[in-house]
Amino acid sequence: MADYHWTGGDLPTFVTHLDCSLTGERYPADRLQSLSKAGRPLLVRYDLDGVRRALPREALTLRPQTLWRYRELLPVRRSENVLSLGEVVTPLVPLPRIAARLTKGGEILVKDEGRLPTGSFKARGLALAVSMAKELGVHSMAMPTNGNAGAAMAAYCSRAGIKAYVFCPDDTPAVNVREIAMQGAAVFLVDGLIDDCGRLVADGEREIGWFNCSTLREPYRIEGKKTMGIELAEQLGWQLPDVILYPTGGGTGIIGMWKAFAELEAIGWIGSQRPRLVVVQAAGCAPMVKAWEDGVEHAPRWENAHTFAAGIRVPQAVGDFLILRAVRESGGFAIAVSDEAIAAAWREVAAEEGLLLCPETAATYAAYKQALADGRIRAGDRVVFFNCASGLKYPMPEAGRRLPLDSPFDWRQLA
């Protein structure tokens with residue numbers, strides 16, 4: 001029987017090896033790894049029979065409400081390498097007023113990832129990536145970012161004593177740039193998009209030797225992001241929703257959750273039922289949507305990418321085929337929405353439900369309404385959106401009315 005009150009020493013992990021997500025070629029665990037020889041992401045594999053024998057599902061009730069409660073399905077071997085800033089289990093927030101208006105007995109739930117450290121879901125992936133970097137002896141790390149991932153890496157690197165270098169497009173919101181710098185990273189603004197930043201990180205990897213923590217170029221961010229899927233299953237009584245709408249840039253979350261669902265079935269915690277996965281992108285940057293519509297496995301770079309929802313302004317993803325496979329295997333689809341629809345959805349949810357989403361998640365609500373109208377989502381479905389970050393981290397439209405004090409206030413204005 002596993003020790004459910006573990007407090008230190010060796011963690012009860014069950015990692016066996018890594019393998020190439022494209023070719024299946026095996027790689028040893030416990031060594032620093034980047035992409036496979038085929039240039040594709042590596043996936044962490046576990047002795048799932050061993051996990052099933054060691055960890056009954058009900059044991060989770062005895063564990064703290066953090067992502068580390070799933071430690072048998074995570075790769076860190078030694079307790080001293082676990083980096084934590086208080087990664088809570090994020091709540092599922094219903095949208096009852098909107099559901100009553102739009103659905104016929106359906107349910108709309110938002111998993112609010114803005115409650116995590118650094119205010120975004122990037123904390124999940126970077127908590128694992130930096131913990132493993134510490135375990136494997138890394139002294140400096142670098143990444144390209146549209147904002148939130150860089151802030152998370154900077155925070156966990158600071159915790160670990162690892163030097164961090166972060167490259168941002170020059171129109172990254174100032175709050176993100178300042179957050180990254182405050183947390184001890186060297187931050188650089190680049191006249192280009194996130195993949196231009198990625199090329200600089202790759203150049204520095206060759207010239208300086210820092211560890212490249214770009215999306216899916218190391219195996220462990222997926223492992224952190226998959227905890228979203230495990231938490232969701234646990235919160236819904238081990239019954240998955242009908243549909244998950246997910247704002248998609250690099251796609252680590254979709255890949256991670258799809259992996260999590262397979263692992264949960266293998267250890268007997270869920271059955272074979274799966275949610276339909278819906279990739280949501282902005283019309284100004286929709287490479288995955290075009291690839292899905294064209295019926296291909298790889299998405300060419302999207303030229304002249306633009307959207308104010310910066311987190312999904314990713315012109316090309318190294319894990320494109322993994323995202324598309326998950327969508328197709330789930331019976332889902334990919335959909336693009338305009339910036340105007342995103343802005344309207346952002347205001348609508350905040351005003352009607354009191355929940356301030358990030359713009360990327362507002363895109364999923366806009367996509368939901370569009371898919372509800374065209375019949376791709378049924379009015380009775382239980383749907384989940386992931387609020388990727390606190391809406392407070394984003395520039396919002398000007399608001400408020402000025403009240404001059406040198407003349408009487410006309411209270412009829414409030415009528």
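**Notebook: rings, strands and a buried lysine**

I began with charges over rings, and I found Lys-225 over the face of Phe-121, at 4.0 Å from the ring centre; I count a charge as over a ring if NZ of Lys or CZ of Arg is within 6 Å of the ring centre and within 35 degrees of the ring normal. I keep in mind that this is a predicted model, in which local features need pLDDT of at least 70 and side-chain atom pairs count only at pLDDT 80 or more, while totals for chains, interfaces and linings use all residues. Residues are numbered from 1 along each chain as its sequence is written, and side-chain values use heavy atoms, with hydrogens and water left out.

**Aromatic pairs**

I searched the whole structure for aromatic pairs and got 9; rings of Phe, Tyr and Trp (its six-membered ring) pair if their centres lie within 6.5 Å, and planes under 30 degrees apart count as stacked, over 60 as edge-to-face and the rest as tilted. I looked up Tyr-165 and Trp-210, a tilted pair at 4.9 Å centre to centre with 35 degrees between the planes. Tyr-165 lies in strand 7 (residues 163-169) and Trp-210 in the loop between helix 6 (194-207) and strand 9 (211-212), so this pair ties together parts that are 45 residues apart in sequence. Helices (H or I, at least four residues) and strands (E, at least two) are DSSP runs, numbered from the N terminus.

For accessibility I use buried for under 20% relative accessible area, exposed for over 50% and partly exposed in between (1.4 Å probe, protein chains only). Tyr-165 is partly exposed because its relative accessibility is 23%, whereas Trp-210, at 6%, counts as buried.

I then turned to Phe-308 and Trp-346, a tilted pair with 6.1 Å centre to centre and 35 degrees between the planes. Phe-308 sits in the loop between helix 10 (287-294) and helix 11 (320-330), and Trp-346 in helix 12 (residues 339-353), so that the pair links distant parts of the chain, 38 residues apart. Phe-308 is partly exposed at 37%, and Trp-346 is buried at 7%.

Returning to Tyr-165, I noted that ring pairs link Tyr-165, Phe-167, Phe-188 and Trp-210 into a cluster, and that Lys-163 lies over the face of Tyr-165, at 5.7 Å from the ring centre.

**Strand 7 and its partners**

I checked strand 7 next: 5 of its 7 residues are buried, so the strand is largely enclosed by the rest of the structure. Strand 6 (residues 140-144) runs parallel to strand 7 and is joined to it by 5 bridges, with Met-141 opposite Ala-164; two strands pair if DSSP finds at least two bridges between them. Strand 7 also pairs with strand 8 (residues 186-190) in the parallel sense over 5 bridges, and Pro-169 has Val-190 of strand 8 as its bridge partner. The chain crosses from strand 7 through helix 5 (residues 174-182) to strand 8 in a right-handed β-α-β crossover, that is, with the strands pointing away from the viewer, the path from the first strand over the helix to the second runs clockwise.

**Lys-111**

Lastly I looked up Lys-111, which is placed in strand 5 (residues 107-112) and counts as buried because its relative accessibility is 0%. A polar atom of the Lys-111 side chain lies 2.7 Å from the backbone oxygen of Thr-90. Among the residues that Lys-111 touches, not counting those up to four places away in sequence, I listed Arg-124, Glu-231 and Phe-385, with contact meaning heavy atoms within 4.5 Å.

Notes:
A polar contact is a pair of N or O atoms within 3.5 Å; within protein, one must be able to donate a hydrogen and the other to accept it, and residues adjacent in sequence count only if both atoms are side-chain atoms.
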